[in-house]
Amino acid sequence: MTLVNLDAPTSAGFQTGDQLKLDATVGNTGNEDYSAGGQIQFYQISSTGSENPIGQAVTLNNLVVGATQSITTNVDTSQISMQENDPTSVFRVKLTGTVG
């Protein structure tokens with residue numbers, strides 16, 4: 001997963017109100033093709049550990065061995081409150097509903 005701050009592309013972080021671009025790629029590195037469904041979803045993790053979905057979940061494609069699928073979304077951080085005593089905001093991408 002990569003994160004780019006669209007308001008400050010050379011910055012390693014962000015401030016409340018910045019626009020971010022999140023990219024993620026999943027791949028089939030196994031020995032068999034995958035066609036059992038599932039979803040890919042971005043999340044923002046709060047300081048209490050709760051997961052807040054970002055955008056809509058994307059259906060996982062059928063992936064032959066070696067194939068990849070990429071997803072991208074933009075995030076408006078104006079709703080993320082920066083706390084001096086808790087300056088960390090975490091983003092993650094997660095696969096759900098997969099089989100095998």
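**Exercise 1.** In which strand is Q44 found, and is Q44 buried or exposed?

*Solution.* A quick note on the model before we start. It is a predicted one, where local features need pLDDT of at least 70, side-chain atom pairs count only at pLDDT 80 or more, and totals for chains, interfaces and linings use all residues. Residues are numbered from 1 along each chain as its sequence is written, and side-chain values use heavy atoms, with hydrogens and water left out.

Step 1: find Q44 in strand β3, residues 39–45. Strands here are DSSP runs of E with at least two residues, numbered from the N terminus.

Step 2: check its cover. Q44 has a relative accessible area of 14%, so it is buried (buried means under 20%, exposed over 50%, partly exposed in between, with a 1.4 Å probe and protein chains only).

Step 3: look around it. Leaving aside neighbours within four places in sequence, Q44 is in contact (heavy atoms within 4.5 Å) with residues including S50, I80 and F91.

**Exercise 2.** Work out the strand order of the open sheet of three strands.

*Solution.* Step 1: the order is β1-β2-β5, with antiparallel pairing. Two strands pair if DSSP finds at least two bridges between them.

Step 1: spot the edges. β1 (2–5) and β5 (68–76) each pair on one side only.

Step 2: zoom in on one pair. β1 and β2 (residues 19–27) are joined in the antiparallel sense over four bridges, and N5 stands opposite L20 in β2.
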